[in-house]
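Let's take a friendly walk through a protein chain, from a single side chain to an open space in the fold. Keep the picture at hand while you read.

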Amino acid sequence: MENSADLQNHLTNKLLQQGALAVGYTKIRQQEPVMVIGFPFSDQWILNHPFYITKRFEEEVWTSWKLLRDIAQVLRSEGYSADIKTPLSLFGDFRPLAIAAGLGNWGKNGLVTNPNYGSKLLFAAIFTNAPLQGSVAENLGLINESCDNCSLCIDACPAKAFQDNRFHKIRCFPKALRGCSECLQVCRGRVQLH
Ligand code: SF4
Ligand code: SF4
């Protein structure tokens, strides 16, 4: 690649053309670049069929892993390091990274809410030493406003887990164990602004 901007554009385009829905860049420890990639979490998955959702989830993770592996190969062929973290990674919670990378904001449901995809994104990441620039979210206004005038997730919760401006884990847990994800399913991002 001619320069790091070309490399960054190439990586972003490749990801978006091959199944990722959103790509953003940020840094940890103020210097180590991280690519954050949002893959689809489909509301077509039938949540009260655990075997089906597990199978679909595995398929999605496998598809995303192959794409992340290709991106890592591109980075390594350019002489950089690349450390892949899939949506199932033990590394843990990618929500703060996704928000720092401009892919959404904290939703009232406690998940990342994206203007285009609501809360239906599965996040993965690639840590690298390539000189990639942090993203400036193009739709920052929409990102910041996505929960304004909306309480669909709160209203949809069958356990009233969001009562009194706090999240009652103990109310959610038994429902979530039985496959409840109403607070995720109803979130549609900016569609709800209209
Ligand atoms: S359903 Fe509405 S209030 Fe809840 S996270 Fe999504 S946009 Fe925000
Ligand atoms: S998973 Fe279900 S019970 Fe738990 S907060 Fe979301 S809607 Fe409420």
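Start at Asn109, which is buried because its relative accessible area is 9%; buried means under 20%, with a 1.4 Å probe and protein chains only. This is a predicted model, where local features need pLDDT of at least 70 and side-chain atom pairs count only at pLDDT 80 or more, while totals for chains, interfaces and linings use all residues. Residues are numbered from 1 along each chain as written, chains are lettered from A and ligands numbered from 1 in the order written, and side-chain values use heavy atoms, leaving out hydrogens and water.

**Two buried side chains**

Asn109 is found in the loop between β4 (105–106) and β5. Ser119 is found in the loop between β5 (112–113) and β6, and counts as buried at 5% relative accessibility. Helices (H or I, at least four residues) and strands (E, at least two) are DSSP runs numbered from the N terminus. The table lists polar contacts, meaning pairs of N or O atoms within 3.5 Å; within protein, one must be able to donate a hydrogen and the other to accept it, and residues adjacent in sequence count only if both atoms are side-chain atoms.

| Side chain | Partner | Distance |
|---|---|---|
| Asn109 | Ser119, side chain | 3.0 Å |

**The chain as a whole**

Stepping back, the chain has seven helices and six strands. Of its 194 residues, 41% are buried.

**The largest pocket**

How many residues line the largest pocket? There are 33, and Phe41, Leu111, Leu122, Ser181 and Leu184 lie nearest its centre. On a 1 Å grid over the protein atoms alone, a pocket is an open set of points where a 1.4 Å probe fits, with protein on both sides within 12 Å along at least five of seven lines; lining residues have an atom within 4 Å of a point. Among the elements that each supply at least two lining residues are α2 (50–77) and β6 (121–128).

Ligand 2 sits in the largest pocket, which means that more than half of its atoms lie within 2 Å of the pocket's grid points. Both α6 and α7 give two or more residues to the shell around ligand 2. Residues around this ligand, with a heavy atom within 4 Å of it, include Cys157, Cys172, Lys175 and Glu182.

Note on methods
Buried < 20%, exposed > 50% of the residue type's maximum accessible area, 1.4 Å probe, protein only.
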